Amino acid sequence: MKKVPPGEAAHFISECDRWTKKVVNSHLLPTYARVDLAFERGEGAWLITAAGERYLDFTSGVAVNALGHAHPYLVKALTEQAQKVWHVSNLYRIPDGEKLADRLCAASFADTVFFQNSGAEALECAIKMARKYQSASGRPERFRIITFEGAFHGRTLTTIAATGNKKYLDGFGPPVEGFDQVPFGDLDAVKRAIGPATAAILIEPIQGEGGVRVVSHNFLRALRKLCDDHGLLLVFDEVQTGIGRTGDLFAYEHTGVTPDIMALAKALGGGFPIGACLATAEAGKGMTAGTHGSTFGGNPLAMAVANAVLDIVLAPGFIERVRKTSLLLKQRLAEIKDRHAAVIAEVRGEGLLIGLRMVPPASEMVDELRAEKMITVAAGDNVVRLLPPLIIGEHEMSEAVARIDRACARLARAHPRAKPGIRQGVAS
Ligand SMILES: *Cc1c(COP(=O)(O)O)cnc(C)c1O
């Protein structure tokens, strides 16, 4: 095929893509409706363009840069490792990987860890492991996994089947077999979905992409009991909620429920690509030598950075500080919501995984905030996600609140007839 110069490619794209204005002139496959904005460097919670404009980062690369940008301790860990060895493959021992696995197990329910490079891969491992567990337990007919509407588990063929979103499945052939999706929070539907071929239940303790929808602890407890009663494995997708985001190291910790398998990724590398599948020894018993692999997974660079992330997140006081920051920020957001009840319908979420359910389209709020030089990301259920780095301080919080307030005021003027939320009038 003829090579198209970037200018012409953009012209071609602009004719056939409805997000014309947002498509940027490039040879990149246009699967993202990218905003025409690029950052040259970052400092803590701030991203800076080549022209020196400073943006307040309340996206953190979608829950990835938990320690902000260019954290000196992470920079040091990465550059020191880069001077030693980058990659050796999994044919040899990687001491930093053994250390990281030890630390993740010491800090969680798990006995064993497999490292990958992304969230979707961590889920692939979790799904394979759940099936293999049943097979190794003498029940090879059990391979199906129950998932929930509004879920997000990644973009590989298997994880889009687990996600079950028609938008992501459309045009990619028959969905990978073996997923039974039930409505969010519907325990009877879960019970009905359990059959002789069911192997596991897969759930995010808080749906991130689905719109910061918190699953009730009672529901999770009921799932745990169903799994125990039926010999199923309970798999938590903590790719977005893990590593301090929700005010605990892992979101499951304050639910009173322990999974058998847990997928991690995003914040674990602080911006360096990494994924991890954690499991109990029992759940992992089928994954013997030769059953799974990855060329890059657990690479020394990733291990060095993730160990450095844990040094900081596990340090005394770090998680408590996330909780305090969350409490203050949510209080101030609730005040804004009361003042702008025709714009913000609800403030929800845990820790620093916060969702603003909007009255006008969430995308308008994201645009208004970007005009305020604050970046956020939309999610399902007409929600704007606030995912600041966990290290934000009083200054960043005040700036965020002021910018959100101004964006709300503009949206209120733009939508004068929007129905006010039920709490209007309760405002201070
Ligand atoms: C982001 C995400 C994934 C997919 O992670 P990738 O690294 O993009 O493959 C899976 N599950 C959840 C809950 C996520 O938020």
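Leaving aside its neighbours within four places in sequence, with which residues is cysteine 277 in contact? In this predicted model, local features need pLDDT of at least 70 and side-chain atom pairs count only at pLDDT 80 or more, whereas totals for chains, interfaces and linings use all residues. Residues are numbered from 1 along each chain as its sequence is written, and side-chain values use heavy atoms, with hydrogens and water left out.

Beyond those sequence neighbours, cysteine 277 is in contact (heavy atoms within 4.5 Å) with Thr112, Val113, Phe114, Gln116, Ala122, Cys125, Ala126, Met129, Ile261 and Met262. Cysteine 277 belongs to strand β12; strands (E, at least two residues) and helices (H or I, at least four) are DSSP runs numbered from the N terminus. The relative accessible area of cysteine 277 is 1%, so the residue is classed as buried, a term that denotes under 20% relative accessible area, computed with a 1.4 Å probe and protein chains only. Alanine 122 lies 155 residues from cysteine 277 along the chain, yet their C-alpha atoms are separated by 5.1 Å.

Strand β12 (275-279) also takes part in the packing of helix α4, whose buried residues pack against this strand, β4 (112-116), β11 (261-264) and α10 (300-313). The buried positions of α4 are Gly97, Leu100, Ala101, Arg103, Leu104 and Cys105. Helix α4 comprises twelve residues (95-106) and should span 16 Å at 1.5 Å a residue, which agrees with the 16 Å between its end C-alpha atoms; the expected span is 1.5 Å times one less than the number of residues.

The ligand is surrounded by Ser118, Gly119, Ala120, Phe152, His153, Gly154, Glu204, Asp237, Val239, Gln240 and Lys266, a residue being assigned to this shell if one of its heavy atoms lies within 4 Å. Oxygen atoms of the ligand lie 2.8 Å from a polar backbone atom of glycine 119, 2.7 Å from a backbone N or O atom of alanine 120 and 2.6 Å from an N or O atom in the side chain of lysine 266. The protein covers 81% of the 390 Å² of accessible area that the ligand has on its own, as given by the Shrake-Rupley method with a 1.4 Å probe.

Arginine 348 is located in strand β13 (residues 344-350) and is buried, with a relative accessible area of 13%. The side chains of arginine 348 and aspartate 381 form a polar contact at 2.7 Å, defined as a pair of N or O atoms within 3.5 Å; within protein, one atom must be able to donate a hydrogen and the other to accept it, and residues adjacent in sequence count only if both atoms are side-chain atoms.

Note on methods:
Buried < 20%, exposed > 50% of the residue type's maximum accessible area, 1.4 Å probe, protein only.
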